[in-house]
Amino acid sequence: MLSRLAGSVFHVGSSVERTDVVARMLDVYVARREPSGVEQDRAVAAELRAVVGSAGPANDPDRAATIDSLALDRHEPASIASAVAVARDNARRARDVVSTELWDCLNVTRSRMPRKVAPDRAHEFLGWVRERSALAIGVVEADASRDEVWEFFTLGRSLERCSATAKLLASGLLDPQSGPSWANALRACGAGEAFQRGRDHHTPGPEDAAAFLLLDEHSPRSLRFLARRTDECLADVAPSCIEDEVRAFVETRARLESVSEDTALLAARSAGERLAAAADRVVAALDERVFAVAEPAR
């Protein structure tokens, strides 16, 4: 598969996943968060920007400004609107290998992205974003052959989700000793309902939540599941020119595998930091050495 096409498919996957990641985190930590002081809102916004990789100012005056920036600002690379545009543009470049259904889904999503959303409609809008992301992923999962196109799409998704979840665990948005803080983290990662359904007979605490989000083998939102899926995709498609970064990711995953349920709470922050850094290095290496297209000679 040509590196240019592989890069486009990879970035479709990562951008589609980013829309879901940012929408869930904005919904939990901004749109539906309990009222608090201005300074607390600014602190939360700054932490959230760090988790989603925003390079913009970290002094938003209020929650509406945070939503405008991270959801709708087309000039903010970390925003939902920007991710939708990137997904659509890369799908256009890869029209030879992506399905018509996926292209139509992304094209319609891009055309329907609003320029402004009223604060009292933010939750509704973010729910729509999650639905559009789920639709795009469902099209690929239902129809695509499990070939290199699917591998690169899934690799992009897995690395994006793995990095975001790991950064959340390592951020100030999470108080490791607080049950409500872990409940928010689980919801922000899309794992809240699955976690609750699996623990009907007792009140879950921080230890249970940490073990689930780090180590659960069956939840597609846990770091263990995401790291394994990323490792499998890298084993299939990663070229030798990023061997060092892949090896570092595999070693980091092995350290995560060695964490036990009893030590998950204590290990959460450090494991998140290590896995986020390893995932980001793989993405950077892919962009620089695999997907980059040389400028034509003049």
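Trainee: By class, how many nonpolar, polar and charged residues does the lining of the second largest cavity have?

Mentor: This is a predicted model, in which local features need pLDDT of at least 70 and side-chain atom pairs pLDDT 80 or more, while totals for chains, interfaces and linings use all residues. Residues are numbered from 1 along each chain as its sequence is written, and side-chain values use heavy atoms, without hydrogens and water. With Ala, Val, Leu, Ile, Met, Phe, Trp, Tyr, Cys and Pro taken as nonpolar, Asp, Glu, Lys and Arg as charged, and the others, Gly among them, as polar, the lining has 4 nonpolar, 1 polar and 3 charged residues.

Trainee: Which element gives the largest share of the lining of the second largest cavity?

Mentor: Helices here are DSSP runs (H or I, at least four residues), numbered from the N terminus. At least two lining residues come from each of α1, α2 and α3 (63-72). The largest share, 3 residues, comes from α2.

Trainee: What is the volume of the largest cavity?

Mentor: Its lining has 14 residues, with T19, V84, L106, T109 and S133 nearest the centre, and α6 supplies the largest share, 5 residues. Taking volume as the space filled by probe spheres set on the points, which are joined across faces, edges and corners, the largest cavity comes to about 100 Å³.

Trainee: Which element gives the most to the lining of the largest pocket?

Mentor: A pocket is an open set of grid points with protein on both sides within 12 Å along at least five of seven lines, and about 480 Å³ of space lies in the largest one. H11, S14, R18, E160 and V283 are the closest to its centre among its 23 lining residues. With 6 residues, the element that gives the most is α7.

Trainee: Is E160 buried or exposed?

Mentor: E160 belongs to helix α7 and, leaving aside neighbours within four places in sequence, is in contact (heavy atoms within 4.5 Å) with S14, E17 and R18. Buried means under 20% relative accessible area, exposed over 50%, and partly exposed in between, with a 1.4 Å probe and protein chains only. Because its relative accessibility is 16%, E160 counts as buried.

Trainee: How many disulfides are there?

Mentor: A disulfide requires a pair of cysteine sulfur atoms within 2.5 Å. The sulfur of C162 is 11 Å from its closest cysteine sulfur, in C189, and therefore too far for a bond, while that of C241 is 17 Å from its closest, in C233, likewise too far. By this rule, the count of disulfides is 0.

Conventions
1 Å grid on protein atoms, 1.4 Å probe; cavity = no way out; pocket = protein on both sides within 12 Å on 5 of 7 lines; lining within 4 Å.
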